[in-house]
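Subject: Structure handover

Hello,

Here is the structure you asked for. My notes on it follow below.

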Amino acid sequence: MPRSFSPRFIRHGLLLCTSAIGTGFLGQYIVDKNKVKAAEPALHRPDVWLDDFPSREAQIDKMSKEPEYDIVVVGGGATGCGIAVDAASRGLKVALVEKYDFSSGTSSRSTKLIHGGVRYLQKAIMQLDREQYHMVKEALSERGNLLKIAPHLSYPLPIMLPVYKWYLLPYFYAGIKAYDIVSGRQLLRWSYLISKTKALELFPMLKKEKLVGAIVYYDGQHNDARMNIALAFTAARMGANVANHCAVTEFIHETTQVDHGDGKAETRKLIRGVKCLDRYRNKEFTIRAKCVVNATGPYTDSIRQMDDPTAPKICQPSSGVHVVLPDYYSPNNMGLLDPNTSDGRVIFFLPWQKQTMAGTTDTPCEVTDYPSPSTADVDFILGEVKNYLSSAVQVRRGDVLAAWSGIRPLVLNPDKKDTQSIARNHIIHVSDTGLVTIGGGKWTTYRQMAEETVDRCVSSANLQPKNGCVTKGLILTGGEKWTPTSYIRLVQDYGIETEVAVHLSNTYGDQAHKVADLSSLTGKRWPVVGKRLHEEFPYIEAEVIHAVKEYARTAVDILARRTRLSFLNVIAAEEALPRIIEIMAKELHWNEQKQKEETDRAKTFLLREMGLNLKRDMRRNVPINFTREEMGYYMKHFRQIDVDNKGFLTLSDLKRHLQVSTSDISEEELRILMREVDQNQNGIIETEEFLQLMSALNTGAVSTSHFVKAARIGKIKSNAPPERSGGGV
């Protein structure tokens, strides 16, 4: 007998349906009535706009000799560089220093979205939280602005929210329509509801069982590190002095008489500058300024306590881990949102730079210079991804191409217990010594945060700007003359292959020709110029030379931020490293010792921060657990190569075996095959290492193996009962 629904259930269902339909019609009415469109902001270029920017060394020399700046910014992330742009656009004299590289911290390790935050709007509505609502509204306004001022680096991205229960459709539809309405004049495109069939057409990898439909909405996506670098050099072209790899070691305090205007004077200790260390040249220098801004993200409290050791902590760091998977895990033009993971987090599954990115986690952590992804976090993300993908798509640990952790500088609210409940809003604080601290916030709202921070600097330090804030609609470097077809001129004028031309155009905008001018001949009929750093990616050698002109001083600067190679494929980054070192050594006159130091530092970075250690550990930790038949099958192949029955394989063994079937294998290719299996790097392949590889392939911890393909070791096919060998050799 069919189950009957209670009157209460029916009432709630009708209410949800009515709310969803009403929200949709209300939004459409507002659009039609007021002709609300994704209006173009009033784009403009700065009054001061240099054709080029000084060298890094010239910038530091100028900082050390300038009698006094209006503002010196500590921190070269999105917020710090945004403050430098804002201050320079007001005619203020501004300097900026960054301990590592521009965007080396949180700003390059984001989810790559320019968004208001669907989750925060949900909380704002459900909890009647006015603060969260205004944060979302502000972020959506800033989203529209950022998409316009850097069109070469950002673009709208459709994101699908799959629904697996009928009664949730009106609930999610109402929420997403509310997101559209809050966007106001900065609406990108209207969200829409689609059927199960259409959802599977747009996202074929999606799990179809119990799927009832989906909602598609739009947010922005960008290349976060490159956007940050564009901000830094926009400030430089506006006359600001900026430098990376310069650490603040001490504040300059002076005792001064402060007149309050009522005839009473007060003696106060005020900050009047900073002492810095050029970490690249190991040279100290001093910058004097009327106002110092602390825009150091997760390091906010350490800088505050450098000024005042008794200052209370105002930030609570949280780690967000992302993983990168091959492109076949998602369509190239559609993202996916999992609004309700097993532990209540939100997971995004997005196409990015022709790969698939998934994340993020949200875990309280300690501040460190070397944030690392954990195995548990990677497993959590893969588990959530698996829940939404078709059973035909085997989610394997071996498919993880890279993984990283970013530390979010969340603003601590002591009344709320978990970091998921902390809004990504910001606070601005002026200490008794005049240190202006900007803490918290998110990538999307960097411009608004910068505006408010400079306003506070002007009032607290009595600065005299030439004009008010003009950064709304202020075009960033590279975006002024760029069009979606700009890459065609690079192909036609320089003979660069199309994929590389598109990459250059979408990275450097109207400045891409400067990279093309540095490109060397390939020695081929086509392309004429543009030697790749790695055959699988469109990054070219000329970008390394150009990056040095953009103040790149370490190999990590190239791997992680001037290109995004380490974020996209950590093994490819390791393979490209020697050539990057070679080019940088020539440009920066490195000796052999310096080259070795940079190589070692870059390898440590890839291992510790980009997930290379996880890739290696996941294979080492796979148990050797075969049936007797499987063990016999693999050992038979091992003995066919080990003809002398030594119990291990040498390079000569491998060469002799492969030459039987492959006569043209080179010595370098043999070494690559050896390194793939020889985990302890002792020059031989031990029996356990061989079996570990076979087991890793069987379990998915390793996705593919050159060694197995070359040796023609196929997977065993057996219907025998699973009698296991016990894991030993």
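Is Glu254 buried or exposed, or partly exposed? Glu254 is partly exposed, with a relative accessible area of 32%; buried means under 20% relative accessible area, exposed over 50%, and partly exposed in between, with a 1.4 Å probe and protein chains only.

Before the rest, note that this is a predicted model, in which local features need pLDDT of at least 70 and side-chain atom pairs count only at pLDDT 80 or more, while totals for chains, interfaces and linings use all residues. Residues are numbered from 1 along each chain as its sequence is written, and side-chain values use heavy atoms, with hydrogens and water left out.

Salt bridges

The structure holds 44 salt bridges (a side-chain nitrogen of Lys or Arg within 4 Å of a carboxyl oxygen of Asp or Glu). Side chains of opposite charge can pair when their charged atoms come close.

Glu254 pairs with Arg288 in one of these, with the closest N and O atoms 2.3 Å apart. Helices (H or I, at least four residues) and strands (E, at least two) are DSSP runs, numbered from the N terminus. Arg288 is partly exposed, at 28% relative accessibility.

Glu582 and Arg579 also form a salt bridge, their closest N and O atoms being 3.0 Å apart. Both lie in helix H18 (residues 570-588), 3 residues apart, which means about one helical turn separates them. Glu582 is partly exposed at 46%, and Arg579 is partly exposed at 31%.

In a further salt bridge, Asp653 meets Lys646 at 2.6 Å, N to O. Asp653 is buried, at 3% relative accessibility, whereas Lys646 is partly exposed at 31%. Salt bridges that share partners also join Asp101, Arg226, Glu550, Asp557, Arg561 and Arg562 into one network.

Helices H3 and H8

The axes of H3 (residues 78-89) and H8 (residues 224-237) come within 8 Å and cross at roughly 25 degrees (axes are lines fitted to C-alpha atoms over the stretch in contact, and angles run from 0 to 180 degrees between N-to-C directions). That makes the two helices roughly parallel, a term for angles under 35 degrees.

Residues of H3 that meet H8 include Ala78 and Val85, and those on the H8 side include Leu231 and Ala235; contact means heavy atoms within 4.5 Å.

Regards

Technical notes: Parallel < 35°, antiparallel > 145°, perpendicular 65-115°, else oblique.
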